[in-house]
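Work through the exercises below with the sequence and the model open side by side. Try each task before reading its solution.

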Amino acid sequence: MVDTATPRRTTNRGPGRLLIAVYILFAIAATSRALLQIVTKFDEAPVAYALSAVAALIYIVAAIGLARAGHAGRRVALVCCSVELVGVVVVGILSLADKALFPDETVWSQFGSGYGYIPLLLPLLGLFWLYRTRPAAR
């Protein structure tokens, strides 16, 4: 017998759709920025531009994981949001501590200040949403 009284918790419904849309928007922005920087001036700041490409890839995969929902999608999104949070914090600290490490900004530089700190907030919201929509314990 299926319990229809309890709504199914999935990552791609309700506010999750907005979260997915923001991840897609950041995937487009970070991918565009990284491609432009890599093609036009990679030799000036290769680490910064490569990090922007990594951030773009993480945003793309996180959006896919959240959109797919299900067990595998949730696991992918959890890994992406966790790596993203660690990346934002580490790159944020390093970019403030030693400006020579990042002669040009990445998406995650100074905790995402160039993007209104949304890169810092986004993985926190993603992790919260994954927690909030976790399957009920059996």
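The exercises cover rings, cysteines, a loop serine and charged side chains.

This is a predicted model, in which local features need pLDDT of at least 70, side-chain atom pairs count only at pLDDT 80 or more, and totals for chains, interfaces and linings use all residues. Residues are numbered from 1 along each chain as its sequence is written, and side-chain values use heavy atoms, with hydrogens and water left out.

**Exercise 1. Rings**

Task: classify the aromatic pairs formed by Phe26 with Tyr59 and with Tyr115.

Solution. 
1. Set the rule. Rings of Phe, Tyr and Trp (its six-membered ring) pair if their centres lie within 6.5 Å; planes under 30 degrees apart are stacked, over 60 edge-to-face, the rest tilted.
2. Count the pairs. The structure holds three.
3. Phe26 is in helix α1 (residues 15-41) and Tyr59 in helix α2 (residues 46-68), 33 residues apart. Helices here are DSSP runs of H or I with at least four residues, numbered from the N terminus.
4. Check burial. Buried means under 20% relative accessible area, exposed over 50%, and partly exposed in between (1.4 Å probe, protein chains only). Phe26 has 6% relative accessibility, so Phe26 is buried. Tyr59 has 0%, so Tyr59 is buried.
5. Take Phe26 and Tyr115. The centres are 5.6 Å apart and the planes stand at 50°, so this pair is tilted.
6. Trace the chain. Tyr115 lies in the loop between α3 (70-97) and α4 (118-132) and Phe26 in helix α1, so the pair ties together parts 89 residues apart in sequence.
7. Collect the cluster. Tyr23, Phe26, Tyr59 and Tyr115 form one aromatic cluster.

**Exercise 2. Cysteines**

Task: explain why Cys80 and Cys81 are too far apart for a bond.

Solution. 
1. Set the rule. A disulfide needs two cysteine sulfur atoms within 2.5 Å.
2. Apply the rule. The sulfur closest to that of Cys80 belongs to Cys81, at 6.9 Å, so it is too far for a bond.
3. State the total. The structure holds zero disulfides.
4. Cys80 is buried at 9% relative accessible area, and Cys81 is buried at 0%.

**Exercise 3. A loop serine**

Task: describe the surroundings of Ser109.

Solution. 
1. Locate Ser109. The residue sits in the loop between α3 and α4.
2. Ser109 is buried, with a relative accessible area of 3%.
3. List contacts (heavy atoms within 4.5 Å). Ser109 touches Val91, Ser95 and Asp104, not counting residues up to four places away in sequence.
4. Look at the side chain. One of its polar atoms lies 2.8 Å from the backbone nitrogen of Thr106.

**Exercise 4. Charges**

Task: which side chains meet in a salt bridge?

Solution. 
1. Set the rule. A side-chain nitrogen of Lys or Arg must lie within 4 Å of a carboxyl oxygen of Asp or Glu.
2. Name the partners. Asp104 and Lys41 meet at 3.5 Å, N to O.
3. Asp104 is in the loop between α3 and α4 and Lys41 in helix α1, 63 residues apart.
4. Asp104 is partly exposed at 22% relative accessible area. Lys41 is partly exposed at 27%.

Conventions
Helix = DSSP H or I, 4+ residues; strand = E, 2+ residues; numbered from the N terminus. Polar contact = N/O pair within 3.5 Å; in protein donor to acceptor, adjacent residues only side chain to side chain.
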